[in-house]
Amino acid sequence: MGILSRVESFLERFLEAPAGRLGASIQPVSLAKRIERAMDTNKTYRDSGVIVPNQYDLHLHPSDFAAFASYRSSLEDDLAHGVLARVRHERYTLVARPRVEIISDPDTRRGEIRVAANVVDERGEKVPEATPMPLNSDTMIFDRPQAGGSPDSARRAYLLVSTRGSRPVQFDLGGPLIGLGRASDNDVIVDDPMVSRHHCQLKLQHGAYSFADLGSRNGSTVNGQTVSQIALGPGDVIRIGDTEIEFQVRV
């Protein structure tokens, strides 16, 4: 560990430890700030841009961890969405979807937050040479590992996603279930306040895709008609909030 890292570690312990000694609780905003610090500390510069970690493990003392236990899953998702928001704002680059995990760790002192930040692929394996994923200001695409055996018609299907008239981003299909929405665990993450966190999904059935709204706040339309579920064909246009999604199949 270099001298600057040792100084930073000392200052972190000095500033954060009193919270535990005085009985104060760690707040979610403190977790978010520690993630931001870890993101900036661990960024690397490549020809493709500034690459930052996408996996953040937050180690807390068991008593601090217990305060978040009842809503840990939703908090982890909110923190991951915060990673996406900051990546967009700072023009950083991710190689795979962001993940945040809050971990109970008896080796961490009460009131402290220890962060392990890494660049990992969709399987959670560390990536030595980072390859950035497609990103524009409104839509982020993450390709999950595809299961074998998808029919050719499914592998030829793709989406063109555009929010508020932005340049369309292409997402190749092939998987059995494709989620779209604002939350960080979607396959297509849309930065659109009119879109629900888990707005809709595409499901592969008998070699063809169908569309289903997941009870979203503002609903969905296909070719201008409000729908809850419908089979898709080439050229169909889905609209969710201010986002337009064109379904196509290569010939």
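How many bridges join E3 to E4, and in which sense do they run? Six bridges join the two strands, and E3 and E4 run parallel. Strands pair here if DSSP finds at least two bridges between them. Strands (E, at least two residues) and helices (H or I, at least four) are DSSP runs, numbered from the N terminus.

This is a predicted model, in which local features need pLDDT of at least 70, side-chain atom pairs count only at pLDDT 80 or more, and totals for chains, interfaces and linings use all residues. Residues are numbered from 1 along each chain as its sequence is written, and side-chain values use heavy atoms, with hydrogens and water left out.

**The open sheet and its helices**

E3 and E4 belong to an open sheet of three strands. The order is E4-E3-E5, and the pairing is mixed. E4 and E5 (114-118) are the edge strands, each pairing on one side only. On average, neighbouring strands of this sheet are turned by 20° against each other, direction ignored.

H2 lies across E3, E4 and E5 and runs at about 130° to E3. H4 lies across E3 and E4, at about 140° to E4. Such angles run from 0 to 180 degrees between N-to-C directions, and axes are lines fitted to C-alpha atoms, for helices over the stretch in contact.

The helices also meet each other. The axes of H2 and H4 come within 10 Å and cross at roughly 40°. That makes H2 oblique to H4. Oblique covers what is left once angles under 35 degrees count as roughly parallel, over 145 as roughly antiparallel and 65 to 115 as roughly perpendicular. H2 passes H4 in a right-handed crossing, a term for a near helix turned clockwise from the far one by less than a right angle. On the H2 side, the residues that meet H4 include Pro28, Leu31, Ile35 and Met39. Their counterparts in H4 include Leu75, Leu79, Val83 and Val87. Contact means heavy atoms within 4.5 Å.

**Two nonpolar cores**

A nonpolar core is a set of buried Ala, Val, Leu, Ile, Met, Phe, Trp, Tyr and Cys residues joined through side-chain atoms within 4.5 Å. The largest one has 25 residues. Leu31, Tyr56, Leu60, Leu79, Val100 and Ile102 have the most contacts inside it. H2 (28-41), E3 (55-60), H4 (72-90) and E4 (99-104) each supply at least two residues of this core. H4 gives the most, with six residues. Apart from this core lies another, of 23 residues, among them Ala154, Val195, Val227 and Ile238.

Leu60 also has contacts of its own. Not counting residues up to four places away in sequence, Leu60 touches residues including Ile26, Leu31, Phe65, Phe68 and Ile102.

Is E12 (residues 208-213) enclosed or open? Five of its six residues are buried, so E12 is largely enclosed by the rest of the structure. Buried means under 20% relative accessible area, exposed means over 50%, and partly exposed lies in between (1.4 Å probe, protein chains only).

E12 pairs with E11 in the antiparallel sense over six bridges. Asp213 in E12 is the bridge partner of Cys200. The hairpin of E11 and E12 has two residues between the strands, and His206 there takes a positive phi near 55°. E12 also pairs with E15 (residues 229-231), in the antiparallel sense over three bridges. Phe211 stands opposite Ile230 in E15.

**Loop residues**

The table gives the place and accessibility of each.

| Residue | Loop between | Relative accessibility |
|---|---|---|
| Arg164 | E7 (157-163) and E8 (169-172) | 46% |
| Arg197 | E10 (188-190) and E11 (200-205) | 26% |
| Asn223 | E13 (220-222) and E14 (225-227) | 46% |

Arg164 is not a glycine, yet has a positive phi of about 50°. Asn223, another residue other than glycine, has a positive phi near 55°.

Arg197 touches Asp77, Asp78, Gly181, Arg182, Ala183 and Asn186, not counting residues up to four places away in sequence. The C-alpha atoms of Arg197 and Leu180 are separated by 8.2 Å, though the two residues are 17 residues apart along the chain.
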